[in-house]
Amino acid sequence: MVLPADASFLNDPLSFYKPLISVIILYIKARLLPPNVLLIAGSFTAPIELYLIASVVFGLIVSLPVLAYEGYRFIDPALKPNERKAVYPFVTAFTLLFAVGAIFAFEVLLPFIVLGTLVFLPITGAAPFVNIEDFYTLVFYTILMTGIAFTLPVFIVILAKFQIIETSRITKNRTYLWVGTYILTAIITPDGGPIADVALFVPIILLLEGSLFIARRYEKNRPPKGRKSEQEDLTCRFCSGPIDSGGVFCGRCGRSRL
């Protein structure tokens, strides 16, 4: 909320300076709205509310790596060695796909939605004035939901890897998956029309099909189901250390295998 946009404020720290969040807000307006469309404040406190909400949204985005690290450190003691190895690719893929989805929403999806909505202004005789709260709520909502939608394939892969779901069940119901995905895209782009829906539907479907392909590779490399050997039963699932004579606690890390 108070981070300055540049270092010029150091010349006179007590004077008013432009914060970084205002530069981001103005860039979004210049990038998405045509010059003839004017933003208006629907209420006296609307600009202040926008300033606070935008600060929270972008502050959360900046702090996500720290939050992810703290979450990982919390669950790390309960992870098996093979599960711990899967965390890093999962977090990396989740972060990259969310970033790609957010960029896709801002560069491709939102222009479709904005232009597809503004085209009805002259048809209905409405003046080119847009409520500032409505506009930025649409922007933040679309970016957030598109980023989350792009991360869905990561969960399919991780669930298949740990044998929670089977890809055969998904492929047998592929029609329902595609229909549900299109409904999801329609919810994310409520004002974009069919063009924006299809623009979001196609990349998500491609990502989902790619995730099924990767998940099937994990299933092929999966060992056959069966009872664990006696040696595996006497090995700690956390550190692979030896289990004590009572068959309960690990002699290396002291954790219970039950």
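Helices (H or I, at least four residues) and strands (E, at least two) are DSSP runs, numbered here from the N terminus.

**View 1. Overall fold of the predicted model**. The chain has 10 helices and 2 strands, and from the N terminus on its elements run α-β-α-α-α-β-α-α-α-α-α-α. The C-alpha trace spans about 80 × 55 × 25 Å along its principal axes, and the radius of gyration is 25 Å, where a compact globule of 258 residues would have one near 18 Å. Buried residues make up 29% of the 258 residues.

**View 2. The aromatic pair of Phe94 and Phe155**. A search of the whole structure finds 10 aromatic pairs. Phe94 counts as partly exposed at 31% relative accessibility, and Phe155 is partly exposed with a relative accessible area of 36%.

**View 3. The aromatic pair of Tyr182 and Phe201**. The ring centres of Tyr182 and Phe201 lie 5.7 Å apart with their planes at 75 degrees, so the pair is edge-to-face. Because Tyr182 lies in helix 8 (residues 174-188) and Phe201 in helix 9 (residues 193-220), the pair ties together parts that are 19 residues apart in sequence. Tyr182 counts as partly exposed at 33% relative accessibility, whereas Phe201 counts as buried at 15%.

**View 4. A cluster of aromatic rings**. Phe58, Phe135, Tyr136 and Phe140 are linked into a cluster by ring pairs.

Technical notes. Residues numbered from 1 in each chain as written. Predicted model: local features only at pLDDT ≥ 70, side-chain atom pairs only at ≥ 80, totals over all residues. Heavy atoms only, no water. Rg over C-alpha atoms; globule rule 2.2 N^0.38 Å. Buried < 20%, exposed > 50% of the residue type's maximum accessible area, 1.4 Å probe, protein only. Phe/Tyr/Trp six-rings, centres within 6.5 Å; stacked < 30°, edge-to-face > 60°.
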